[in-house]
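Here is a short tour to read alongside the model. Keep the sequence and the 3D view at hand as you go.

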Amino acid sequence: MNPIIRKSALTDILRCKKSFSSLFITGTLFIALGCGEKKNTFQQKPGGNTTIVDVIIAKSEKVNDKVEVNGTIVANEFAELRPEVSGLLTFLDVPEGTTVKKGTVIARINSADLTAQLNKSKILLELAETTEKRLNQLVKINGINQADYDLAANQVNSLKADMAYTQTLIDKTVVRAPFTGVIGLRKVSAGAFVTPSSIIATMQQLSDLRVDFTVPEVYQKYVSKGGNVEVLLDQSSGQKQTARIIAIEPQVNQTTRNITVRAVLNSGSTSPGSFAKVYLDASTEKNSIMIPTNSIIPEAQSKKAVTVKGGKAVFVTVETGDRKEDFVEVTKGLSIGDSVVVSGVLFARPGAPVKVRSVRSLKVASN
């Protein structure tokens with residue numbers, strides 16, 4: 001082999017060894033530095049697992065709540081004017097939207113056949129009465145049998161009964177206002193054939209309007225006959241009216257578990273069928289512990305709240321009572337003076353250390 005080539009190859013080998021040594025040293029330093037950084041990553045700083053929370057101090061609060069339910073305005077009196085018999089309308093007087101007095105004739109149905117029958121019965125009655133008078137004179141002198149006279153007298157009474165029955169049928173052909181009130185829109189026209197299922201018009205008495213509303217059975221103790229409730233008629237104004245409870249349905253609806261209550265408005269004006277909000281005073285004389293609703297942790301079989309004791313988070317099982325939009329009553333599980341966590345609840349762990357950042361009031365904590 002050429003000496004010059006051998007020298008060049010040796011030089012290249014030495015150069016590769018030097019490069020590999022440098023690479024090995026550099027890689028060793030990189031691994032060493034990398035291991036040092038990984039070790040420092042798991043170093044825990046003092047207080048690194050402490051959860052920062054805000055708390056309130058549980059204290060006795062007066063439970064003052066209003067239960068809101070939906071109601072419907074109803075008229076004091078309401079009726080659908082319908083004929084009692086079928087026939088042709090020969091007279092119709094429906095002054096739409098005006099007040100009519102009780103007994104006013106609204107409509108008449110053709111009763112010519114009944115009137116003719118009544119007239120016929122009157123003629124027969126006159127003849128029967130004349131016959132009865134004659135036979136009465138004869139029976140006094142024993143001119144006829146008593147049975148003949150009784151038959152004539154019975155004929156008079158029978159005709160009178162027929163006339164009374166016919167007159168009743170004629171009365172049924174007349175539709176009158178059942179009470180003094182405002183008549184609604186006319187549903188039929190004169191000359192139409194109507195039946196008892198036909199509605200001629202509606203009438204409503206707008207004085208002493210009432211409100212019907214349903215109450216869940218758990219709030220039944222808050223309603224009583226003679227008691228007052230607040231009613232919101234106009235949502236935009238926000239002005240509430242008072243109403244006096246006059247009747248309570250004695251049976252609870254088995255489907256909805258609600259009871260129906262009726263109250264009469266002391267003031268205010270609106271239209272029957274209008275929607276209304278009814279507010280029941282559900283306040284009690286007892287004092288209870290109230291906490292924000294977001295402090296409650298719902299679970300499958302229970303509810304829990306987080307308290308701070310000895311610098312650690314303690315989870316307690318609680319039972320709740322009345323609920324408002326922002327607060328909930330705790331009936332069991334908390335004591336007066338407990339520090340209840342209101343912020344940072346989701347980050348707290350049972351037995352883990354916590355640091356109280358601030359003590360808030362109930363009103364501020366709910367916001």
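The report below goes through a strand and its partners, a loop residue, the salt bridges and a surface patch.

This is a predicted model, in which local features need pLDDT of at least 70 and side-chain atom pairs count only at pLDDT 80 or more, while totals for chains, interfaces and linings use all residues. Residues are numbered from 1 along each chain as its sequence is written, and side-chain values use heavy atoms, with hydrogens and water left out.

Let us begin with strand E3, residues 66-74. Helices (H or I, at least four residues) and strands (E, at least two) are DSSP runs, numbered from the N terminus. Buried here means under 20% relative accessible area, exposed means over 50%, and partly exposed lies in between (1.4 Å probe, protein chains only).

Two strands pair if DSSP finds at least two bridges between them. E3 runs antiparallel to strand E16 (residues 275-281), and seven bridges join them; Gly71 stands opposite Ala276 in E16. E3 also pairs with strand E12 (residues 210-216) in the antiparallel sense, over four bridges. There, Val74 has Arg210 as its bridge partner.

**A buried loop residue**

Next, have a look at Thr173, in the loop between helix H3 (146-172) and strand E8 (174-176). With a relative accessible area of 4%, Thr173 is buried. Leaving aside neighbours within four places in sequence, Thr173 is in contact (heavy atoms within 4.5 Å) with Val85, Ala107, Arg108, Ile109, Ser111 and Leu114.

**Salt bridges**

Side chains of opposite charge can pair when their charged atoms come close. A salt bridge is a side-chain nitrogen of Lys or Arg within 4 Å of a carboxyl oxygen of Asp or Glu, and the structure holds seven of them.

| Glu80 | Arg82 | 2.6 Å |

Arg262 is partly exposed at 34% relative accessibility, while Asp212 counts as buried at 18%.

Glu230 lies in strand E13 (residues 228-232) and Lys240 in strand E14 (residues 240-248), so the pair ties together parts that are ten residues apart in sequence. Glu230 is partly exposed at 29%, and Lys240 is partly exposed at 37%.

In the pair of Glu80 and Arg82, Glu80 is partly exposed, with a relative accessible area of 37%, and Arg82 is partly exposed at 34%. Elsewhere, Asp54, Arg357 and Arg360 are linked in a network of salt bridges.

**A nonpolar surface patch**

Finally, turn to the surface, where Ile57, Val356 and Val359 form a nonpolar patch with about 240 Å² of accessible area together. Val359 is in strand E23 (residues 354-360) and counts as exposed, at 55% relative accessibility. Patches are made of residues with over 30% relative accessible area and no salt bridge; like charges are joined within 9 Å and nonpolar side chains (Val, Leu, Ile, Met, Phe, Trp, Tyr) within 5 Å. Accessible areas come from the Shrake-Rupley method with a 1.4 Å probe, and for residues only the protein chains shown count as cover.
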